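Please find below a note on the model, arranged as numbered points.

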Amino acid sequence: MSRFVCRPLLVALLLWIVTVGIAQRPVTITGEAPFAKNEEIRLLVFDDLLNYVPTVAATDQIDKNGHFKLTCSTNQIKLVQLAIRTSKAEFFIVPDHTYQFQISVDTTLFKLVNPEKYGGYLQITNASADTSDLNYKINRFSNFFSRAMNHYAFRITVDKDRNAYDTLTTLLNDRFCIQYNPLNFYQSYIYYTCGQLDRVCFSKEQMTFYRKFYDNDYILYNNPAYMSLFRESYSGYLYNSRHISKELLGRTINEEPDYLTLFNEAGRDPMLTNERLRELVIILNLIEFHGNEEFDAGNIVKLLKYIKVSTHFPEHIVFIDNALARISRADAPSQPLVFRNEKGKKSPIKQFEGKDIYVQVFQSDCLDCIREMMLIKEFNKRYGEKIQFVSLNIDPDREDYDRFCKAYGEMFEWPILYFDGNYDWLLENGVETLPDYLIINAQGQLLQRYPPAPEFGLSDYLMFRFDKEEEQPQNPLFRN
């Protein structure tokens, strides 16, 4: 494979033009989704492919005829998703482009909480696309690559058969002319996708792999093929590198957070000589270390915050911000978390200030959910003054929730609220199957993602948490 080479000054100039010098330019997406009339459609943009965190760039309400229009601005090609309820589809947007889509879906799967689990993706047809369209080219390559991998994968990944690798790379190169060209998004996408083959075949030849894919002046932050290969190549790297001692990691992370020493010592590794790449590897690994009992979680947060204010690479800040938000939940919702009650009125979670809130997520046709409510009824009688129970209905059709409240509402003495189409909240908290549960506070911050279920462990959890408190003697001089 040939390599595209630039002189250093030209590289710096081109990087500045690509990342900074280009103004935001419009992107328009119009189309029809006749199966989702009056539903909200959301455009989610991936500015962070390290943590794979999307942000909502635009929303629209699909009209009674199924039409919608979304607009946003970008200065570079980006991976995006269209989302209706919890059904999604991924594609790429290009600045100054207009897209006209026809969207369809299996309507049975569309009603599920997690259609993706059963293959219920939004199906997008772009009638105006031609063979030069980026999405057309990437889909064409991806389909061919998938079929070829199905044929050669076992020999390459399990048998480590170099002949199979050579045959497949020749086949791919003959059809797609694979080459290193960092200023061409499509060429880079297929180059780094094919890098997955090298990662497997050259796992014991790390420097060969490094020189081919990372020994250059570019980090392609907006290219999912590059970032995916990067994550898989450098996941856990600091811990496993023979050039970085465990003693150093322990001293710079656990004893006294010392980013400069960690950064400089990591530079001794020949695969981390590039300072931009080195910092990104450190960020990735610190994020991974959080939650590992071997490392001090508080010091990891301090290190990430230090990198944020001291970095020479502003592209890294979004990764740190999203990681810190995920770790600490410091980014409480900008607006109070609000649902609806059975009368259709807004019901803010902040009304439960002073109590943790145990949320049971359910749909009205979920028999297991309703059976659990009979157990929650007993828990509420005993512990309702100490913890707030809330059953949150996520029926796609509000009428189903209304019928449920009329049929069962008087049986239950805790709030049965409606999520009011807040699918982003469901996605953010990973609600994919029913029934589901989480504990939040009155600000909507997640305190416990997987608390015990009413049928399995909640009784012991509540008893240990609250009954133990009652057993403590009020008189400090009291002795058993």
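1. Helix 4 (residues 162–176) and helix 5 (residues 185–201) cross at roughly 175 degrees, and their axes come within 11 Å. The two helices are therefore roughly antiparallel to each other; angles over 145 degrees count as roughly antiparallel, under 35 as roughly parallel, 65 to 115 as roughly perpendicular and the rest as oblique. Axes are lines fitted to C-alpha atoms, for helices over the stretch in contact, and angles run from 0 to 180 degrees between N-to-C directions. Helices (H or I, at least four residues) and strands (E, at least two) are DSSP runs, numbered from the N terminus.

2. On the helix 4 side, the contact (heavy atoms within 4.5 Å) is made by Arg162, Tyr165, Leu168, Thr169, Leu172 and Phe176. Helix 5 contributes Tyr186, Gln187, Ile190, Cys194, Leu197, Asp198 and Cys201. By class, this contact of helix 4 with helix 5 has nine nonpolar, two polar and two charged residues. Here Ala, Val, Leu, Ile, Met, Phe, Trp, Tyr, Cys and Pro count as nonpolar, Asp, Glu, Lys and Arg as charged, and the others, Gly among them, as polar.

3. This is a predicted model, in which local features need pLDDT of at least 70 and side-chain atom pairs count only at pLDDT 80 or more, while totals for chains, interfaces and linings use all residues. Residues are numbered from 1 along each chain as its sequence is written, and side-chain values use heavy atoms, with hydrogens and water left out.

4. Helix 7 (residues 224–234) packs against helix 11 (residues 275–289) at an angle of about 70 degrees, with their axes 10 Å apart. That makes helix 7 roughly perpendicular to helix 11. Tyr226, Met227, Phe230, Arg231 and Tyr234 of helix 7 meet Leu277, Leu280, Val281, Leu284 and Asn285 of helix 11. The residues of this contact comprise eight nonpolar, one polar and one charged.

5. Where in the model does Met227 lie, and is it buried or exposed? Met227 is part of helix 7 and, at 0% relative accessibility, counts as buried (under 20% relative accessible area; exposed is over 50%, partly exposed in between, with a 1.4 Å probe and protein chains only). Leaving aside neighbours within four places in sequence, Met227 is in contact with Leu49, Leu50, Leu220, Tyr221, Leu280 and Phe319. The C-alpha atoms of Met227 and Tyr52 are separated by 9.5 Å, although these residues are 175 residues apart along the chain.

6. The largest nonpolar core has 102 residues, and those with the most contacts inside it are Ile29, Tyr214, Phe230 and Tyr234. Such a core is a set of buried Ala, Val, Leu, Ile, Met, Phe, Trp, Tyr and Cys residues joined through side-chain atoms within 4.5 Å. Apart from it lies another core, of 45 residues, including Cys366, Ile370, Ile387 and Phe466.

7. Tyr52 lies in the loop between strand 2 (40–48) and strand 3 (53–61) and is partly exposed at 36% relative accessibility. Arg85 lies in the loop between strand 5 (78–84) and strand 6 (87–93) and is buried, with a relative accessible area of 7%.

8. The peptide bond from Leu434 to Pro435 is cis, with omega near -5 degrees. Pro435 is located in the loop between helix 16 (423–428) and strand 14 (436–440).
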